[in-house]
Amino acid sequence: MRPALALRLGLWYGASFLVSAIALSVFTYVLLARALAAQDHNVLESMLARYTAEFQRGGLVGLQHLIAADEGEGRHERLLVRVVDARTEIVYFSEPPGWGGFDLSVLDRPLARDSEWTTIAHPPDGSVLEVGTRRIGGGVTIQVGRSSHVRDDLLANFRARSLEVMLLTALIAAAGGLVLTYVGLAPLRALESTVRSILATGRFDARVATTGTRDPLDELGSLVNDMLGRIQTLLAGMRGALDNVAHDLRTPLTRFRNVAEAALVSGDPAAVRDGLAHALEEADRVNATLTALMDISEAETGTMRLALGAVSLREVADEAVALYADEAEEKGVALRPAIDPAVHVHGDPTRLRQVLANLIENAVKYTPAGGRVDVEAEARGGAVTASVRDTGPGIEAEDLPFVWDRLYRGDASRSARGVGLGLSLVKAIVEAHGGTVAVDSTPGRGSVFSLTLPAARP
């Protein structure tokens, strides 16, 4: 894992965490400022109503007593109180100390006296004076004002504490980014380690450690493991195919050379023609062996392309039977398909025809004159079992476990033509379809080769 990636992820996390914290602090600050301003306004409005009611009840003397009582009890900071008569003369004025910076002449202007609320700014410190105005009978006006310096101090303290919190948040974001990056990138480090191991050793049996949590990185590790398993299977199949090709082609190529050499040294035109004919026959055998080996390898490694669909097993069986009908008739073997046309399987018709053709070919080849070969099928639940039954010599019990192996030929079949790959190809193709194969045989009474395939869905 390159440090640059971990560093970038850590920085992204830390930056996003810090930006989120700053945004939250700003949002909190705005809400707090609005709440404090609303609270000051409500207090000022309440005091304005209280002083107005007291002036109407007790006059100026009553108002002075109420203001003095409030200041004595300390129920709030001192307020600006102005009482102006109809001739715009100040009847009463009370101002807290230190408020000389506010331009109170604004309150004498007609616009201010006619407005319910007036705000006076104090540029040096940024505070404001909010004044509520209320007219009562006789042209008297009462004005009550309150400075914002208390809430300004509170907000300034909040800003100072916020800076300290931001510094701490930056440290937490950096540490959290490092920790989460280290933990979060653990699956990628495991993947990198596995790939390096494969590159160093050339072995594909290494696997990425997964936790089973099914998160995206863990899912990536599982997919890489599946890919490595597939590659390992393909490589094993390729090695097996190459080994089989090297082994299987040695004998036909030797015969090919011997036939060609004998034809060359004979000097007889007839012998030369016979030699060329035999050479062509051996070349066909080599080509058939190569094709069968490659088909088996593709089927076993899962790379065989199958055009899957609903297939009528009766139609496929009829086509396979037609290929060997003449040969069976010449030998005097009764070849009969007995499959219900309604039986359908899920598979590739070309490959299934190849499977049945191989089984029928073997059955006709080893069944003596007067014998019978039956092709049958039966649907059971979600599967279809097809069988090729013959009345041939059967297979010895010691040979049964090996009939599906490549190139295996029992004693009874060694005199017949073939390379011993037909049944191996049948097994590989059927298993590629998700099916199974089986054989049941009794010496002297014939054999039954069965294959089970998934039934076609309705």
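Please keep in mind that the model is predicted.

Start with the whole chain. There are 458 residues in the protein chain, and buried ones make up 36% of them. The secondary structure comes to 10 helices and 12 strands. If we take contacts with a separation of 6 or more, 63% of them are between residues 24 or more positions apart. The accessible surface is about 25,800 Å², and carbon and sulfur atoms hold 59% of that.

Now the cores. The largest nonpolar core has 44 residues, and L313, L335, L359, I360 and L451 are those with the most contacts inside it. Several elements give two or more residues to this core, among them helices α7, α8, α9 and α10, and strands β9, β10 and β12. Which of them gives the largest share? That is α9, with eight residues. On I360, leaving aside neighbours within four places in sequence, the contacts are A320, V321, Y324, L335, V375 and V388. Another core lies apart from this one; it has 16 residues, including M47, V81, V83 and V140.

Next, strand β5, residues 141–147. Seven of its seven residues are buried. In a regular strand, side chains alternate between the two faces of the sheet. For β5, T141, Q143, G145 and S147 are on one side, I142, V144 and R146 are on the other, and both faces are covered. On pairing, β5 has β1, residues 80–84, as an antiparallel partner over five bridges, with V84 opposite T141. β5 also pairs with β4, residues 127–135, again in the antiparallel sense, over seven bridges, and there R134 stands opposite I142. β4 and β5 form a hairpin with five residues between them, and G138 in that turn has a positive phi of about 80°.

On to aromatic pairs, where the count is two. One of them is W404 with F449: the ring centres are 5.9 Å apart and the planes are at 85°, so the pair is edge-to-face. W404 sits in the loop between β10 and α10 and F449 in strand β12, so this pair links parts of the chain 45 residues apart. Both residues are buried.

Last, the salt bridges, of which the structure holds 11. Side chains of opposite charge can pair when their charged atoms come close. I will go through a few.

R57 and E54 form one, with the closest N and O atoms 2.1 Å apart. Both lie in helix α1, residues 3–73, three residues apart, or about one turn of the helix.

R353 and E319 meet at 2.5 Å, N to O. R353 is in helix α9 and E319 in helix α8, 34 residues apart in the chain. R353 is partly exposed at 25% relative accessibility, and E319 is partly exposed at 38%.

D374 and R372 meet at 2.8 Å, N to O. D374 is buried at 9%, while R372 is partly exposed at 34%.

Finally, D40, R146 and R151 are linked in a network of salt bridges. R146 takes us back to β5, where that residue is buried.

How values were computed:
Residues are numbered from 1 along each chain as its sequence is written. This is a predicted model: local features need pLDDT of at least 70, side-chain atom pairs count only at pLDDT 80 or more; totals for chains, interfaces and linings use all residues. Side-chain values use heavy atoms; hydrogens and water are left out. A nonpolar core is a set of buried Ala, Val, Leu, Ile, Met, Phe, Trp, Tyr and Cys residues joined through side-chain atoms within 4.5 Å. Buried means under 20% relative accessible area, exposed over 50%, partly exposed in between (1.4 Å probe, protein chains only). Helices (H or I, at least four residues) and strands (E, at least two) are DSSP runs, numbered from the N terminus. Contact means heavy atoms within 4.5 Å. Accessible areas come from the Shrake-Rupley method with a 1.4 Å probe; for residues, only the protein chains shown count as cover. Rings of Phe, Tyr and Trp (its six-membered ring) pair if their centres lie within 6.5 Å; planes under 30 degrees apart count as stacked, over 60 as edge-to-face and the rest as tilted. Two strands pair if DSSP finds at least two bridges between them. A salt bridge is a side-chain nitrogen of Lys or Arg within 4 Å of a carboxyl oxygen of Asp or Glu.
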